[in-house]
Amino acid sequence: MPSRERTRAAGIASDPGPRSTDHGPLGGRHERPDARAKVAGSTRFVADLALPGMLHAALAVSPVPSARLAGLELAAARAVDGVEAVVTAADIPGKNQVGVVFPDQPLLVEDRVRMVGDRLALVAARTPEAAWEAARLVRPLLEELSAVHDPVAALRPGAPPLHEGGNLIRTFKVVRGDVARERARADVVVEAEYQIGGQEHAYLEPQACLAIPEARERITIITSCQCPFYVQKAVARVLGLPLAAVRVEQAPTGGGFGGKEDYPSEPAACVAVLAFATGKPVRLVLPRELDMQASTKRHTVVVRHRWGADRDGQLCFAEVETVMDAGAYIGLSTVVAERANASSIGPYRVPAVRVATHVAYTNNLFGGAFRGFGAPQVTWAAEATMDKLARRLRMDPLELRRRNVLDDRRRTTSTGQRLPGPVLASECLDRAAALAGWDEFRARSQANSGPVREGMGIGLVLYGCNLHHGGQRLDRSSAVVILQPDGSVVVRVGLTEMGQGNLAAAQTIAAQALGVDPAVVQVWQPDTTTVGDSGPTVASRGAHMSGLAILDAIRRLRTRLDPVAAELLGCRADEVELASSLASVRGSPERTVPVAQVASEMAARRIEAIATGWHRTRPRRFDPETGIGAPYEFYAIACQIARVKVDSELGLIRVEEVSAAHDVGRVIHRDAMEGQIQGGIVQGMGWAISEELKLDHGRLANPSFTDYTIPTAADAPKVRITVVESEGASGPFGAKGVGEPSLIPTAAAVRNAVCDALGVEIDRLPLTPPTVVAALGDRHPFAWLLSERRVDEHERLATVDRDG
Amino acid sequence: MDVPVREVVRPGSLAEALLALTERPDALVIAGGTDLLVQLRDGRKRAATLVDLDRLDLAGVRETNGGIEIGAATPMDRIAADPRIRRLHPALAEAAAQIGAWPIQCRATLGGNLANASPAADTAPALLVADASLTLVSHGGTRKVPVEEFFRAPGRSALAPAELILSVLLPTPSEERGLRAFESFVKVGSRREQIISMVSLAGRALVAGDGTFSEVRLAFGSVAPTPVRARRTEHLITGRRPDAELRREATRVLQDDISPIDDVRAPAGYRRIACAVLLARFLEEAAHG
Amino acid sequence: MAERVTVTLTLNGERRTFEVPPGRRLLDLLRDDAGLTGSKEGCGAGECGACTVLLDGVPVTSCLVLAASADGHEVVTVEGLLQAGRLHPFQDSLVTRGGVQCGFCTPGIAVTGAAILARGEADPSEQARLLSGNLCRCTGYTKVIEALQDSFAKGGHAKS
């Protein structure tokens, strides 16, 4: 069960939310506003929407990772009964470009194929069967070119370049302190190379979008997405329309996790082009296999470490070199790299650091945003190295971390940023350890007689909330609040709900600030024609940025509402308080008038009951060359401790329990927060042990739930949660984000627990049974079997067998 | 999206079904559809006609003179729950309970699992150690085929064109005085439920009071082109008491009984090791009951 | 053009007849022909459970059932779990327990959960095993199992 405590710190910034005497819904467990409709099956996702005359879209894509496209034979596709349009690059009305940051990515291939799944042609037909059949019949004339499938090899001279300028997209650095001097005084040095696999989002709802054209003048896109404004920009560019002529409405979205951050612009641009070509509404729902192959993934990375500490366990220096596999196009890879770069050291005090994060093109899967956004990978490496140092020093891994974490006295990060307080790393460590029973576990002798071994491991993360300095130009948020004559409230925001609870958070924050019941607040789907560009719903910024914009709108609304209430109450406007659905007089709580009555009075007097709100982050200082400065506005700490049981002979891992301590600032909605933590842990656990992207020359060999195995209900560990609340964060009522901190440390904690259980280091993720057995090497009781056996030449990589 | 078939025939009798199959050489039989519909969807199998066995009464678990007869259309959840199967053939009950997940078990049929002829078919190892046989029926009449001869190659069974599986017979296990029967099924996958096996083992042993294995049957899945009985290994152990040295030797001999490959689920080396582990554990558990 | 097949089934308690192409899956009959979009397609391969419905009282993945095979049978979808407009006890518990996030897996989970209750299975780890064919990526399953426990405690051997 979660426990709540409010920690006071010196120099507490004032709570930016309006104060009320009543507790209000903040932090409660009231019903999420969208839950009833979802549970009844009445919520309409894109695939549940149909319009008369609507056509279905399909994509013809490349089966090979690298080729010159010499031509396309379309006759057979066009001949399929029901086909109304087959579109290629030449037919795109505007610019054939969907790169979200850099313009290196065409919507449709013109001359060069760079990945399996690269789009060659689009089809619109009267039935989805006809559309996908026609797409299958598109015949591309491909001259295969050499391909590169290893990001480290991609950066060596002579590697086939995917784009002009070579395969190194960019290098980010952090350079601070005198590494050579610190290396000389270190007593223990750990060197390691970590091979960290990527991850598929596996949202249950595949990518889906619907385009409704109005001749070729303007268009409505209804799409499953996290960032309607990204979609708006991409569609406007591809159609050659002004932004105002493109309306994007976010449909109820069945999971995102970053996979619906930038990628939806691509299917949306596809249906937009087809809608303009045919004059009809066009809907696209990606088949799961194509979604898995072609949409974005968590980056595969290789991380090299050389870290050192003195004999007391004080870290002296940390050198990190990371190579990220971006795939064929840049997408968001440079932004992911920025976060990975800034997060490479973790929440530790290290006098000297040298970090280099390289981003490489390859012909592999398309790396992009995924919950954690680069931080999970570097955290996995950092926490593994901390445990290795602890073992070398014969020190408790918890104690090693205690000795090195940032705190209120020593709060300068590896990038030289002075953390805003309170810095709760020790608090989170201690709380998680208490929940997990860390000391008791280590004290009792493990009953390690049979093959089952038990272990416990720690993952700790310092998470930079909201957007990196590099994304400042996006970091604003817009809200609209409309007080209805009957006292109910319409709220519009630019940040999206994808299951994480933003709707509930926005509803709760608005209700808290207006002093009304959440049930009278209705938050409607984001629509680019109702609010200003609010940036992407990413980086755990949704509740934070929506919340502050809503509070701003309500502040403005109250400049018109309070005087009316004051008249009804017979007091001054600045004495009006709102709580429990009543306007009351401060100091005389018996003098009240229902908020609904104030609303109706405003309507009767034709007083403006609509207000817009705006929030943007303050500029920060940061030097991209050295990586020094304030990459993030504020930070959240999370500590998770996993307890595992490992069958050391079969390599099977069972995560029994995860104890999580999260520094959340302020709980907005308790169920939503717990749900995020529980969900993040399970998703992180899947990445850690059972989810593997199996690539065969750029082609995903397991593009289905059958062989890309995410955790089921039977795999869920027991999750214990404790939250640490504090004041000082600048979020609404002091809230920080929890969407990503809930996942980032999990895989690290699991890896460390497994290594604790087995007494071996495993530097490869995921920890699948074959990986675990391989790591045991000669220590495995049956290792002799393989070494005895001569390698039979029949044992080569063979064809995929999917039957079961 | 619709699967690309042009006709679905739903015969009301066996004769109708066989006639339909004979008249349409490009027809495929569908029962639970849990394998076939996936294959039709992704183009691995094609058929103009599907012959749906739903209206034929081919499901049921019956006790006969020869043993337990399971109708080919019996779904896995019924097999897993049947008290007679649980008592006499616990490996089969356990295998049925581990196929897919509950909604798949409510549809997937025993006949379908066999006809699909995957080397990873979960029921096959259990049927192999039970010395089960299939009754097949065609226009020419019925014939019995031992399960060991039924699997020919990955995806290919002994079914002739226009031939159906009617039932599977599991002979009553022999009981001998002084001998204790032990049977188990274990499946190893990358997660606990709803998983295609990396390796699986069904084992059955008759153990004497002094620990001698008077009879032992071992069948493995996912480590050869078909599910296989580990005959050399069985031969090594039969009549002997598996101490640590014999267990070790058995895992070595086992390597010649299996021929695993690298595939999307696991590398061959892991499969060899996992089989050895499962075998060693079976021998120990069987010895101690 | 392929000949259509006639499918007559009892759908959410009502006898209905449809004329559909022979290759039509039950899932598409429900969504497109009967307009019941509550059942979702997450994978089309019977692995995710988003399409789960009750067929003669037991849960099945409707993406793997031919519409023609449902002829003469009883189907209950998530829409059919409502009794006189009121949520099934498990649906209600999912709401009150916070077991709903993005909502895409939710209909399938609601159907399988109702079947678990009807079966009388009270043990949480057995409940989790029975639910393992319904994948969820958002919740981590904890609040879903808690909701099952809740509805069981509320006397939810409810009719499905």
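1. To start with a term used throughout: contact here means heavy atoms within 4.5 Å. On that basis, the interface of chain C with chain A draws on 43 residues from chain C and 51 residues from chain A.

2. A word on conventions before going further. This is a predicted model, in which local features need pLDDT of at least 70 and side-chain atom pairs count only at pLDDT 80 or more, while totals for chains, interfaces and linings use all residues. Residues are numbered from 1 along each chain as its sequence is written, chains are lettered from A and ligands numbered from 1 in the order in which they are written, and side-chain values use heavy atoms, with hydrogens and water left out.

3. Now to area. The size of an interface is often given as the accessible area lost when the parts come together. Buried area is taken here as the accessible area (1.4 Å probe) that two parts lose on being put together, summed over both. For chain C and chain A this comes to about 3,600 Å², with 59% from carbon and sulfur atoms.

4. Polar contacts come next. The term covers a pair of N or O atoms within 3.5 Å; within protein, one must be able to donate a hydrogen and the other to accept it, and residues adjacent in sequence count only if both atoms are side-chain atoms. Between chain C and chain A, 15 residue pairs (both at pLDDT 80 or more) are in polar contact. On the chain C side, at least two residues each come from helix H2 (89-97), helix H3 (106-119), helix H4 (124-130) and helix H5 (142-153). H2 of chain C gives the most, with six residues. Helices (H or I, at least four residues) and strands (E, at least two) are DSSP runs, numbered from the N terminus.

5. What is the make-up of the chain C side that touches chain A, by nonpolar, polar and charged residues? It divides into 19 nonpolar, 14 polar and ten charged residues. For this count, Ala, Val, Leu, Ile, Met, Phe, Trp, Tyr, Cys and Pro are nonpolar, Asp, Glu, Lys and Arg are charged, and the others, Gly among them, are polar.

6. Turning to chain A and chain B, their contact takes 42 residues from chain A and 46 residues from chain B. Together they bury about 3,900 Å², 57% of it on carbon and sulfur atoms. Six salt bridges are found across this interface, including one between the side chains of A:Glu788 and B:Arg252 at 2.7 Å, N to O. There are also twelve residue pairs in polar contact, both at pLDDT 80 or more.

7. Chain C deserves a look on its own. Its domain assignment, which is automatic or from a database, gives domain 1 (5-81) and domain 2 (89-153). Their centres, taken over C-alpha atoms, are 21 Å apart. In this contact, 15 residues of domain 1 meet twelve residues of domain 2, and the two domains bury about 1,100 Å², 70% of it on carbon and sulfur atoms. The count between these domains of chain C is zero salt bridges, alongside four residue pairs in polar contact (both at pLDDT 80 or more).

Technical notes. A salt bridge is a side-chain nitrogen of Lys or Arg within 4 Å of a carboxyl oxygen of Asp or Glu.
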